[in-house]
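Here is a short briefing for a reader new to this structure. Start with the picture, then take the points by topic.

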Amino acid sequence: MTWSTRQVAELAGTTLKTVRHYHRLGLLEEPERSPSGYKRYDVRHLVRLMGIRRLTDLGVPLSDIPSVAAADGRSTEILRALDDELAANIERQQRMRRQLAAVLEDGASLDLPADFGAAAASLPRAQQDLLVAYSSVFTPTAMSVIRDQYARPRDGIAEEFEQLAADAPEDERRRLAGHLAAEVRAQRADHSFITDLDAASRRNGALTRSVVTQALVEFYNGAQLDVLRHLHALLEQHEADQADQASTADLEVEGDERGELYRSGDAHPQGVTPGATG
């Protein structure tokens, strides 16, 4: 019992065109022809054709099928590479599903960076756009820190800042800046790299600064920007005060050490440079 090309294609669950393509590539041996000139396929061709179908369904490239089918020296290498590729695809699809779930279940914006989900779903649109802009320049580590901050229960100060009217009075702006300064200092203590924009960026510093600056100006109103300016000034003043305190402490320690050196007779002639902080 033999079959025509169309019949063997139907038995193998493929098409006439595909069978002919396999012939051209040398993957499927040409069968004998009947006296009338028609190809006549037998069960050996059917088994070979179904084997090719199975390998292509697994994702094996047509060019690698001879090696895999023959189980030669490259067969294991090809299959391991294919397995690695499939694992990466599964991970990508699972990540896509998580993002879709965040949209469908939590109402998150499709524009939000991956894995933000419900953490940022309730933010004003301007805040969400700001996060999208940040994701173009900040490292995954930096973005995960930002995500974790938004995942925490939000306090009244954060909401006040987000809802701050453009004509908010000066005293309200300064009050908000004062409250935010304490929170930012705590964040810096936990994540020191956020004080260094270059360390938190996956782009060059100038490009990152341009994105951050334009995003802030675009998505925050004048009062909010004024709060950020006050906040920056408070943080700089705090750092200056800490530096002064550290310098004073160093001077006191150095003075005590110098006295001990003189008393022991081992002091260097030039002594210790005044004001050195180490």
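Rings of Phe, Tyr and Trp (its six-membered ring) pair if their centres lie within 6.5 Å; planes under 30 degrees apart count as stacked, over 60 as edge-to-face and the rest as tilted. The structure, a predicted model, holds two aromatic pairs.

**Aromatic pairs**
- Tyr134 and Phe138 form a tilted pair, because their planes stand at 55° with ring centres 5.2 Å apart.
- Both Tyr134 and Phe138 are buried (under 20% relative accessible area, with exposed over 50% and partly exposed in between, 1.4 Å probe, protein chains only).
- Phe161 and Tyr220 have ring centres 5.2 Å apart and planes at 75°, so this pair is edge-to-face.
- Phe161 sits in helix H9 (residues 156–162), and Tyr220 in the loop between helix H12 (205–219) and helix H13 (222–264), so the pair ties together parts 59 residues apart in sequence.
- Phe161 is buried at 8% relative accessible area, and Tyr220 is buried at 12%.

**Overall fold**
- The protein has 13 helices and zero strands (DSSP runs numbered from the N terminus: H or I of at least four residues for helices, E of at least two for strands).
- Among the 278 residues of the protein, 31% are buried.
- Of the contacts (heavy atoms within 4.5 Å) with a separation of 6 or more, 52% join residues 24 or more positions apart.

**Basis**
- Residues are numbered from 1 along each chain as its sequence is written, and side-chain values use heavy atoms, without hydrogens and water.
- Local features need pLDDT of at least 70 and side-chain atom pairs 80 or more, while totals for chains, interfaces and linings use all residues.
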